[in-house]
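Look over the sequence and the structure, then read on.

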Amino acid sequence: MIDLRSDTVTRPTPGMKAAMQAAELGDDVFHEDPTVNDLEARVAELLGKEAALFVPSGTMSNQIGIKVHTQPGDEMLCDVNCHIYNYESGGPAVLSGVTCRTLEGDFGILDVSQLEGKVRPLNDHLVRTRIVCLENTHNRGGGRIYPLEKIRAIRAWTKQHQLILHLDGARLWNAIVATGIPAATWAAEFDTVSVCFSKGLGAPVGSALVGPRDFIARARRIRKLLGGGMRQAGVLAAAARYALQHHVDRLAEDHRNAQVIAEAITDTPGLRLVPEQVHTNLIFFQVDPSLGTAAEFAARLKEQGVLVLPTAPQMIRACTHLDVSTAQAQRAAAAIRHAVPRRSVAVG
Ligand SMILES: *Cc1c(COP(=O)(O)O)cnc(C)c1O
């Protein structure tokens, strides 16, 4: 099976397993796991922040960030399709008492003009506008890369209004590789950043939250509260460190493979890329009802050995990653072309 459902389905490589096996371990709740400490130091340095915290998931990383930054009754501004609002089980409301005010981004990308006028005045009736969260690359936006100028304009606006700016950078690595803009340049525009090692980078588990030292100290306490304090976590941090060292640059291969699949979709009548440009490793496409539903189309691809993810009645996501070779991407592209019945074309 060629599994294009998600970039989370990767298995640790032999090299990664060897790194996990060799990891020096200690009790990380006591700050005594040298491998976790080393990973946190590297990630903080890479992103140009004072400190980092290793956590089990991207969801926990984002939600700890929101909890440390806010008080119950605060409000968060975000794109309507962002992960934090849609796919984290209502975390801002449940864990932090924070309401989300959503804005319609352009495939997940907000323009500062959409934020203008959205800060609530100080008034006993009103929630307190406190934080803006952006996502780069944008998952439901089709792997879109946030233009850095747009982020900079939003940053200037959040500073003007004394708001926090947090980045859900689960796939920031993809944006870094696709643009050549270094991690620290992106991160400089944010108070705090969450990054994942278990998506494109191929680690089995793990994310990191980065920011100022006092913020990370408070985040550590919330991690414990949420049950995310892990003991000999170096066995996982070793996989994340290995992924950082060996699996970042190769994301370019995933992006090239995504283009191979995108081309097959563009060429196939009844299928349409949404958005039309594929920036990174995520490919969303619409299935014309004449070809059946997304679930039916996915079932036809499965018969040909290709797994994709229906995300709406007529929408499918395909995703390239570490465990999809170029040959497999080509096979998947051929399967997509074959899954659509060929019409007899009149010659002349
Ligand atoms: C996957 C993902 C996360 C975090 O997911 P976990 O499964 O909790 O690690 C956060 N943000 C985005 C955009 C994601 O795609």
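A polar side-chain atom of His 83 sits 3.4 Å from a nitrogen atom of the ligand. That is a polar contact, a pair of N or O atoms within 3.5 Å. The model is predicted: local features need pLDDT of at least 70, side-chain atom pairs count only at pLDDT 80 or more, and totals for chains, interfaces and linings use all residues. Residues are numbered from 1 along each chain as its sequence is written, and side-chain values use heavy atoms, with hydrogens and water left out.

The side-chain contacts with the ligand include these:

| Residue | Ligand atom | Distance |
|---|---|---|
| Thr 59 | oxygen | 2.5 Å |
| His 83 | nitrogen | 3.4 Å |
| Lys 199 | oxygen | 2.9 Å |

Alone, the ligand exposes 380 Å², and the protein buries 84% of that (Shrake-Rupley method, 1.4 Å probe).

The shell around the ligand includes Ser 57, Asn 62, Glu 88, Asp 168 and Arg 171 (a heavy atom within 4 Å). It divides into 1 nonpolar, 6 polar and 5 charged residues. Helix H3 (residues 58-69) gives the most, with 3 residues.

The whole structure has 1 cavity of 30 Å³ or more. On a 1 Å grid, a cavity is a set of points where a 1.4 Å probe fits but cannot get out; lining residues have an atom within 4 Å of a point. The largest cavity has a volume of about 30 Å³. Its lining includes Asp 79, Cys 82, Leu 110 and Tyr 146. Strand E5 (residues 128-135) supplies the largest share, 3 residues. By class, the lining has 5 nonpolar, 2 polar and 2 charged residues.

Note on methods:
On a 1 Å grid over the protein atoms alone, a cavity is a set of points where a 1.4 Å probe fits but cannot get out, and a pocket is an open set with protein on both sides within 12 Å along at least five of seven lines; lining residues have an atom within 4 Å of a point. Grid points are joined across faces, edges and corners, and a volume is the space filled by probe spheres set on the points. Helices (H or I, at least four residues) and strands (E, at least two) are DSSP runs, numbered from the N terminus. Ala, Val, Leu, Ile, Met, Phe, Trp, Tyr, Cys and Pro count as nonpolar, Asp, Glu, Lys and Arg as charged, and the others, Gly among them, as polar. A polar contact is a pair of N or O atoms within 3.5 Å; within protein, one must be able to donate a hydrogen and the other to accept it, and residues adjacent in sequence count only if both atoms are side-chain atoms.
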